[in-house]
Amino acid sequence: MIDYELLKNEAQKIGIELDTYGLDRFDSYAERLVRWNSHVNLTAITEPEEIVIKHFADSLYPLKYIHMTAGQKVVDVGSGGGFPGLPMLIVNPSIEVNFVDSVGKKLAFVKDVLRNSGLFGTVTHKRAEEIGKDNAYREQYDYAVARAVAPLNILCEYCLPLVRVGGLFVSLKGSSGKDELRQAEKAIKTLGGELAKFEEYSLSNGDGRSLIIIRKISQTPTKYPRKTKKIDTRPL
């Protein structure tokens, strides 16, 4: 379905060398994404070239700056169609990824891709602010990753409570990233984080993107995350 050379070249720009096995996994992922999308709302992007650039290459871009190693724990918050966690897992099969989403049908899709690709991951059918209060998840992850889930000041309250001290919260944003970062300064500090990296860049098709990496430098106060309604109506 996808153009292997296009994906291989896009990955090389990030510093990732994909072998045939990895390319095959991405191809199967794309095929399933389009097929499932006919009955589950996963994405508006269904053209093969756009899937490669707007989903796969975009999801892999943070790996230009972070090095995920074997056994490290990653939580993909609001995973939806598996972005960015599934592409990261395909190129790093030895990491442990937990895909979190409040929509069961989307997690069923993620499980289907995992099973078909021979990859190991877990899925959690709950809201991030619920597991953020649960000691089985709270401050248990080396990385929290999220792509196009919510404004950054809200997203910080979903994600930072899940990250261990010393770990990273990686947020993939569109061209509004600088404004969102400015609005999220209080949230980042309140929840125990500090900005480690901000970069504005463009995908190969010219679409503007922002990468925001926040390091967890202290424990998140126990009052956070708050109830969903408070997070949404009174963001930090």
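Visitor: Is strand 7 mostly covered or mostly uncovered?

Guide: A residue counts as buried when its relative accessible area is under 20%. In this predicted model, strand 7, residues 208-216, is mostly covered, with seven of its nine residues buried.

Visitor: In which sense does strand 5 pair with strand 7, and over how many bridges?

Guide: Strands are taken to pair if there are at least two bridges between them. Strand 5 (residues 163-173) pairs with strand 7 in the antiparallel sense, over six bridges. Within this pairing, Lys 173 has Ser 210 of strand 7 as its bridge partner.

Visitor: How many bridges join strand 6 to strand 7?

Guide: Strand 6 (residues 193-202) runs antiparallel to strand 7, and nine bridges join the two. Tyr 201 stands opposite Arg 209 of strand 7. The hairpin of strand 6 and strand 7 has five residues between the strands, and Gly 206 in this hairpin takes a positive phi near 95°.

Visitor: Lys 216 is also found in strand 7. Is Lys 216 buried or exposed?

Guide: The relative accessible area of Lys 216 is 1%, so this residue is buried.

Visitor: With which side chains does the side chain of Lys 216 make polar contacts?

Guide: A polar contact requires a pair of N or O atoms within 3.5 Å. The side chain of Lys 216 has such a contact with the side chain of Glu 139 at 2.9 Å, and another with the side chain of Thr 220 at 3.2 Å. Leaving aside residues up to four places away in sequence, Lys 216 touches several residues, including Leu 160, Pro 161, Val 163, Leu 191 and Gly 192.

Terms used: Residues numbered from 1 in each chain as written. Predicted model: local features only at pLDDT ≥ 70, side-chain atom pairs only at ≥ 80, totals over all residues. Heavy atoms only, no water. Buried < 20%, exposed > 50% of the residue type's maximum accessible area, 1.4 Å probe, protein only. Helix = DSSP H or I, 4+ residues; strand = E, 2+ residues; numbered from the N terminus. Polar contact = N/O pair within 3.5 Å; in protein donor to acceptor, adjacent residues only side chain to side chain. Contact = heavy atoms within 4.5 Å.
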